[in-house]
Amino acid sequence: MIRFYARVCVAVAISAPAVLYASPSEVGIESASALTMQEAAHLAAVDQPLLTGREAKIRAEDQLAVAAAQLPDPQLSGGIKELPVDTSEAFNTRRDNFTEFTIGLSQDFPRAEKRRLQSARKQLDADADRAALDNERRMVRRDASLAWLDVFETQHGLELTQRLADEATLQVQSLEKDYSNGKASQADWFAAKTDAGLAADKAHDWLHHELRMREGLARWIGDDAHRPIAESLATSRPLTPLPGLIADADHHPVIGNLDKQIEASATEVSLARQSYKPDYSVEVYYAYRRDFSDFIGVQFKVGLPYFTKNRQDRGLDAALEQSRASKDRKQDLLRELHAQVNQNYVDQRHYQERVADFDASIIPDAVHRVEAARSGYQSGRGTFGAVLLARRSLLDVQLQRLALAVEAARAQVRLDYWSASQSSSGESP
């Protein structure tokens, strides 16, 4: 069953048969505490398949790093040698004294430095994934926080429009009586009914967005997404100075991941240089001959890397170019991160300043406009249309203020993603 959360006043005031509603008791949240953004970010990092999958990959790479440092498995061989195939001795293992039944044991010995480098290369893969895991924890917290802000904005947008819809409904009821008594015009009554219908439709639209955003939040925290959302953003933290944010970005796990990739490229160069040095192998065997003396033997094999032009030289050149590419990628990523931090910083300051302007003058002026229009209409010096226009203007101003506050919070969430104040587990201090 699809489970949605909606306030009772909204479900009563809006008729929407196309949408499924569920009461708080049906979704088990009657006594649930309000969900804060910090709690949503914490819940998102608990039992998160994206993170547990990365942790499993790291454990696998740690195991492979140990295996890469070991010698190859020994090889057991056996067979028959010097078996005649013609003359009167053909396929006779007794009459020819060269025929041997052999069994041997061989062992390849790659150079110790090569094995050490192969192990270090695998370990660097694990270390790079550890940095990626730290980054993914931050990403999960960031994306869950942004999803919470989406729900917060739609919930409060719904509350504002529902408040206007309730006022419009009361206004229609009042004008209906005045119209019946000849105290109000038919035009005012129809204008009030139209305004109430538009307000209800706008509230219905906000409800649709809230339900949709809650499902987006559920992607990160499951059924907890249907809990009531906290009423405030709690964004009173002072803004971290820009130089500190830039310095944090330089030590971000994304950069740490690239640092490990650069180290891995340097290790690949060292491995390519090792390919110029030969490996060797040793084989010990025992040869059994019927009716004749048995033999034992030892054989040594050594690689001959003499023709290096199209093999070892090419491999070394490729490793060197890959190393240069990794370093260039880091420089490019640093530029990108610095640009993003600067943009987020500018956004937050901009939106905070605009919110302050709305609180200081714009919203109070819009409230006074509604009061003045209502007083003028009641005293016969104004029109009902002016009242409706002032009310709609106040709603628009309040929704703009809500959008600005949420954008400021989004910018702060993105700045927190770059912040070094987050621990390796992704928790803020």
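Helices here are DSSP runs of H or I with at least four residues, strands are runs of E with at least two, and both are numbered from the N terminus. The model is predicted.

**Figure 1. Overview of the predicted model.** The protein holds nine helices and four strands. From the N terminus, the elements follow the order α-α-α-β-β-α-α-α-α-β-β-α-α. Of the 429 residues in the protein, 40% are buried. Among contacts with a separation of 6 or more, 80% join residues 24 or more positions apart.

**Figure 2. Confidence along the chain, with the two ends in view.** The average pLDDT of the protein is 85, and 89% of the residues score at least 70.

**Figure 3. Helix H2 and its buried face.** H2 covers residues 37-44, and Met37, Ala40, Ala41 and Ala44 in this helix are buried. Viewed down the axis of H2, these buried residues lie within an arc of 100°, so they line one face of the helix. An α-helix has 3.6 residues a turn, so residues three or four places apart point the same way.

Figure 4. Isoleucine 221 belongs to helix H5. This residue is buried because its relative accessible area is 9%, and the cut-off for buried is under 20%. Beyond four places in sequence, isoleucine 221 touches Leu35, Ala40, Leu43 and Ala44. Two of these, Ala40 and Ala44, are among the buried residues of helix H2. Between isoleucine 221 and aspartate 47 the C-alpha to C-alpha distance is 9.4 Å, although they are 174 residues apart in sequence.

Figure 5. Most residues other than glycine have a negative phi. Aspartate 47 is not a glycine, yet its phi is positive, at about 55°. Aspartate 47 sits in the loop that joins H2 to helix H3 (49-68). With a relative accessible area of 68%, aspartate 47 is exposed. Glutamate 82, likewise not a glycine, has a positive phi of about 55°. The loop that holds glutamate 82 runs between strand E1 (75-81) and strand E2 (100-109). Glutamate 82 is exposed because its relative accessible area is 52%, and the cut-off for exposed is over 50%.

**Figure 6. Glutamate 153, a buried residue of helix H4.** Glutamate 153 lies in helix H4. Its relative accessibility is 16%, so glutamate 153 counts as buried. Apart from neighbours within four places in sequence, glutamate 153 is in contact with Trp206, Leu402, Ala403, Val406 and Arg410.

**Figure 7. Packing of helix H6 against helix H8.** Two packed helices are described by the angle between their axes and the distance between the axes. For helix H6 (residues 242-250) and helix H8 (residues 312-378), the angle is about 145° and the axes are 10 Å apart. H6 and H8 cross in a right-handed sense. On the H6 side the contact is made by Leu242, Leu245, Ile246, Ala249 and Asp250, and on the H8 side by Leu334, Leu337, His338, Val341, Asn342 and Tyr345. Sorted by class, the residues of the H6 and H8 contact are eight nonpolar, two polar and one charged.

**Figure 8. Glutamate 371 in helix H8 and alanine 390.** Glutamate 371 is part of helix H8. With 43% relative accessibility, glutamate 371 counts as partly exposed. Glutamate 371 and alanine 390 are separated by 19 residues in sequence, and their C-alpha atoms are 8.7 Å apart in space.

**Figure 9. Serine 419, after helix H9.** Serine 419 is placed in the segment that follows helix H9 (384-418). The relative accessibility of serine 419 is 10%, so this residue counts as buried. When neighbours within four places in sequence are set aside, serine 419 is in contact with Arg138 and Asp248.

How values were computed. Residues numbered from 1 in each chain as written. Predicted model: local features only at pLDDT ≥ 70, side-chain atom pairs only at ≥ 80, totals over all residues. Heavy atoms only, no water. Buried < 20%, exposed > 50% of the residue type's maximum accessible area, 1.4 Å probe, protein only. Contact = heavy atoms within 4.5 Å. pLDDT = per-residue confidence, 0-100. Axes fitted to C-alpha atoms, helices over the stretch in contact; angles between N-to-C directions. Left-handed = near helix turned anticlockwise from the far one by under 90°. Nonpolar A, V, L, I, M, F, W, Y, C, P; charged D, E, K, R; others polar. Arc of directions from axis to C-beta.
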